[in-house]
Amino acid sequence: MPKAVIMGSRNGADIKLVETERRSESHLTPIEPLEAPSGILAAVGGTPLVEFNRLYHPSNFRVFAKLEALNPGGSIKDRPAKAIVSQEIRAGRIVPGRTTIVESTSGNMGVGLAQVCKYYGVDLICVVDPKTPRPILSVLRTYGAQVDIVTNLDSETEEYLPSRLRRVQELLDELSDGYWPDQYSNTLNAAAHVNTIREIINVLGTVDYVFCATSTCGTLRGFFEYLSESGLTTELVAVDAAGSAIFGNPACRRLIPGHGATIVPELYRPDLADAVVHVTDRESLIGCRMLLGREAYLAGGSSGAVAAGVAKYAHRIRHGATCVIILPDRGERYVDTIYDGSWVAQHFGGLREEEISWSSLERAGTC
């Protein structure tokens with residue numbers, strides 16, 4: 001449990017530092033693969049870890065990027081999708097040809113599930129909302145998933161997630177054999193990411209900081225469990241959306257999907273992160289453009305948020321430190337939103353050239 005929470009800010013950067021005691025045991029469900037890795041699912045995981053030496057230049061720390069976009073389905077969500085479906089087929093709770101999986105998704109988990117379901121021959125319904133990028137909807141349908149779009153905002157939160165979750169329950173009530181992965185509470189989601197952090201440690205050995213986006217808290221929880229069990233002192237920095245409810249900040253409307261949540265996920269625990277950095281939609285856009293401009297890396301919105309989060313936290317990073325940033329997905333699915341000048345102008349009034357710099361992130365406020 002946390003000993004203390006210290007609130008800090010630097011030129012509008014909203015940061016929480018949480019002093020925690022690492023636990024010595026893991027409580028996650030171990031993942032047992034359905035079979036020896038084969039086919040396209042054998043390519044899930046083992047993503048490259050690449051040093052980005054231009055991104056924050058000049059800086060007094062090193063940054064390595066875990067490129068989760070190079071999973072076959074295009075995002076970090078391939079890992080829990082494979083883990084959950086494979087394990088539940090083994091357990092008999094999902095039966096190919098009979099069971100229909102129903103899941104609420106902002107996009108990437110849906111694609112990950114669609115790929116795995118296509119491989120195993122399982123029907124899938126993805127409950128999405130109008131913020132889901134059109135290219136992702138096309139990918140889902142191409143894989144054969146049924147897309148159910150929720151258009152009504154939840155009256156209390158003015159967000160779509162609660163409405164999506166209610167629709168999931170309605171569909172499950174209608175199905176004779178439905179299965180809900182429930183990525184917000186399923187410990188297999190977190191267990192899949194024990195492998196992610198293990199891959200990082202196996203390559204680098206010593207890591208001082210890991211920065212990862214939060215939504216379901218699956219990545220954060222898996223990392224925390226592995227580091228706790230291994231006795232490692234790596235600092236976990238959660239990058240959350242400004243307007244997300246996960247870490248107790250006031251809620252506000254958000255446009256960029258993939259990180260943040262209107263609800264507090266069941267996978268969340270108050271001691272998961274050593275620090276939390278909140279990033280606005282605008283800052284995520286700046287992060288995306290910095291990744292593209294400095295590293296020629298076309299990244300999705302949550303990846304841009306992580307990049308921006310490091311910039312906002314940089315004044316706290318120790319000299320000579322080794323940092324890892326988890327970049328969850330690719331940017332091709334956002335070319336008509338995040339990377340489209342007209343869309344950015346419509347929703348954010350455009351981005352001035354002088355804003356696309358790390359110094360501008362220190363001056364930016366939260367929502």
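Which strand does Tyr209 lie in? Tyr209 lies in strand S9, which spans residues 209-213. The model is predicted.

**Nonpolar cores**
- The largest nonpolar core is made up of 70 residues.
- Tyr56, Leu140, Phe211, Tyr313, Ile317, Ile325 and Leu327 have the most contacts inside this core.
- For Leu140, leaving aside neighbours within four places in sequence, the contacts are Gly110, Val111, Ala114, Cys126, Val128, Ala145 and Val147.
- Another core, of 33 residues, lies apart from the largest one; Ala190, Ile200, Leu236 and Val276 are among its members.
- In soluble globular proteins, nonpolar side chains tend to be buried together.

- The relative accessible area of Tyr209 is 1%; buried means under 20%, so Tyr209 counts as buried.
- Val63 is 146 residues away from Tyr209 along the chain, yet their C-alpha atoms are separated by 9.3 Å.

**The cavity**
- One cavity of 30 Å³ or more is present in the structure.
- The largest cavity holds about 490 Å³ of space.
- Its lining consists of 38 residues, of which Ser106, Ser215, Gly258, His259 and Gly260 are the closest to the cavity centre.
- By class, 15 residues of the lining are nonpolar, 17 are polar and six are charged.
- At least two lining residues come from each of helix H2 (108-120), helix H4 (161-174), strand S9 and helix H6 (218-230).
- H6 supplies the largest share of the lining, with three residues.
- S9, which contributes to this lining, is also the strand that contains Tyr209.

**Helix H9**
- Helix H9 runs over residues 341-348, and its buried residues are Trp343, Val344 and Phe348.
- Viewed down the helix axis, the buried residues of H9 fall within an arc of 95°, so they line one face of the helix.
- Gly341, Ser342 and Gln346 are exposed on the other side of H9.
- Helix H7 (281-295) is included in what covers the buried residues of H9.

Definitions and conventions:
Residues numbered from 1 in each chain as written. Predicted model: local features only at pLDDT ≥ 70, side-chain atom pairs only at ≥ 80, totals over all residues. Heavy atoms only, no water. Core = buried A, V, L, I, M, F, W, Y, C linked by side-chain atoms within 4.5 Å. Buried < 20%, exposed > 50% of the residue type's maximum accessible area, 1.4 Å probe, protein only. Contact = heavy atoms within 4.5 Å. Helix = DSSP H or I, 4+ residues; strand = E, 2+ residues; numbered from the N terminus. 1 Å grid on protein atoms, 1.4 Å probe; cavity = no way out; pocket = protein on both sides within 12 Å on 5 of 7 lines; lining within 4 Å. Points joined across faces, edges and corners; volume = space filled by probe spheres on them. Nonpolar A, V, L, I, M, F, W, Y, C, P; charged D, E, K, R; others polar. Arc of directions from axis to C-beta.
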